[in-house]
Amino acid sequence: MGQIVEIGMFWTRLASGTVLVILAIGVLYVGGWLTCLAMLALSIGGCFELLRVYGLQWRAMGFACYLMTILYYGVLYFEKTEFILPILVTYLLVILAIYVLQFSKYKDKDMMAAFLAFYYVSLCLSYVFRLRVMGHGEYMVILIFICSWGNDTLAYCTGRLIGKHKMSPVLSPKKSVEGLIGGIVGAGLLGAVFGILFNNYVQPLENAPLWFGIIAAAGAIPAVIGDLAASAIKRNNDVKDYGKLIPGHGGIMDRFDSMIFTAPIIFYAAQYILDFS
């Protein structure tokens, strides 16, 4: 019976994962306002799920997080990047003000959770949109998926085949050291293949397979950390899944946790190593 349930869950995950990939391809292909709107929706949804863990999703600090997320994406869309730092400072001041003015209703951990939600989810996920609108962004966003979903899939396959040593028994009992290595190496190889294709069909770059392979492998490491960080928060608060939005996967935070950490890495690698802008 247990095996039947596991097989059913696998096909559910596969079906919903396939739909997600198709939607992601469409959204990122169009780019512009659609990508911005999609990432805004994911950010607000992710913030809602994380804030719900602390019971803040329908309270003043939660609404401050949602409103600041909308404002922040508006600044990015209209390319008013000089306002990014003022917005970040303003958000901190706003939640501090809410904490002080409604002191009897909030604890310091509530303020820290609201602070974390915006910076951890909205700010980091926004790098998907920021990467998409930079030079060759329609191709570079593929690296995010190689580092996150590609790494996750290859780590799972490697772990199932040869995994013997537990990587983090408490946070994620099913993950193995062998799976970790397989995921990182696999992401690096996929990145190298991507580099060959990029070099041949997009823009000639010296040592493109090497650079893209290194970037993909390096990006896979924070992807694992992102996955474990999201799991750690759930463990600390006795939560199984962040939500039920995606059948077989859970919520936005359950499916996009690794991408949250990876997107900024790929963005800055493209900007400072590959010199795209």
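Asp257 is buried, at 5% relative accessibility. This is a predicted model, so please keep that in mind for everything I show. Asp257 is part of helix α9, which runs over residues 252-272. Setting aside residues up to four places away in sequence, Asp257 touches Gly226, Asp227, Ala230 and Ile252.

Two other aspartates come next. Asp238 is in the loop between α8, residues 208-236, and α9. Asp275 is in the segment after α9. Asp275 is exposed too, with a relative accessible area of 64%.

Asp275 is not a glycine either, and its phi is positive at about 65°. For background, most residues other than glycine have a negative phi.

Now helix α4, residues 84-101. Its 18 residues, at 1.5 Å a residue, should span 26 Å, and the C-alpha atoms at its ends are 26 Å apart, so expectation and model agree.

Which residues of α4 are buried? They are Ile84, Ile87, Leu88, Tyr91, Ile95, Ile98 and Tyr99. These residues sit on the same side of α4, because they cover an arc of only 115° around the axis. As for what they pack against, the buried residues of α4 meet α3, residues 60-77, and α5, residues 108-132. The other side of α4 has exposed residues, namely Leu85, Leu93, Val100 and Leu101.

Some of this helix belongs to a surface patch. Leu85, Val89, Leu92, Leu93, Leu96 and Phe115 make a nonpolar patch of about 500 Å². Helix α4 supplies the largest share of that patch, 5 residues. Phe115 is in helix α5. Its relative accessible area is 30%, so Phe115 counts as partly exposed.

Staying in helix α5, take Ala117. Is Ala117 buried or exposed? At 0% relative accessibility, Ala117 is buried. Leaving aside neighbours within four places in sequence, the contacts of Ala117 are Cys47, Leu50, Leu51, Cys65 and Ser122. One distance for orientation: Ala117 and Lys240 are 123 residues apart along the chain, and their C-alpha atoms are separated by 18 Å.

Where does Leu171 lie? It is in the loop between β1, residues 166-168, and β2, residues 172-176. Leu171 has 25% relative accessibility and therefore counts as partly exposed. Apart from neighbours within four places in sequence, Leu171 contacts Leu228, Ser231, Ala232 and Arg235. From Leu171 to Thr81 the C-alpha distance is 37 Å, and the two are 90 residues apart in sequence.

Notes: Residues are numbered from 1 along each chain as its sequence is written. This is a predicted model: local features need pLDDT of at least 70, side-chain atom pairs count only at pLDDT 80 or more; totals for chains, interfaces and linings use all residues. Side-chain values use heavy atoms; hydrogens and water are left out. Helices (H or I, at least four residues) and strands (E, at least two) are DSSP runs, numbered from the N terminus. The expected span of a helix is 1.5 Å times one less than its number of residues. Buried means under 20% relative accessible area, exposed over 50%, partly exposed in between (1.4 Å probe, protein chains only). The arc is that of the directions from the helix axis to the C-beta atoms. Contact means heavy atoms within 4.5 Å. Patches are made of residues with over 30% relative accessible area and no salt bridge: like charges are joined within 9 Å, nonpolar side chains (Val, Leu, Ile, Met, Phe, Trp, Tyr) within 5 Å. Accessible areas come from the Shrake-Rupley method with a 1.4 Å probe; for residues, only the protein chains shown count as cover. A salt bridge is a side-chain nitrogen of Lys or Arg within 4 Å of a carboxyl oxygen of Asp or Glu.
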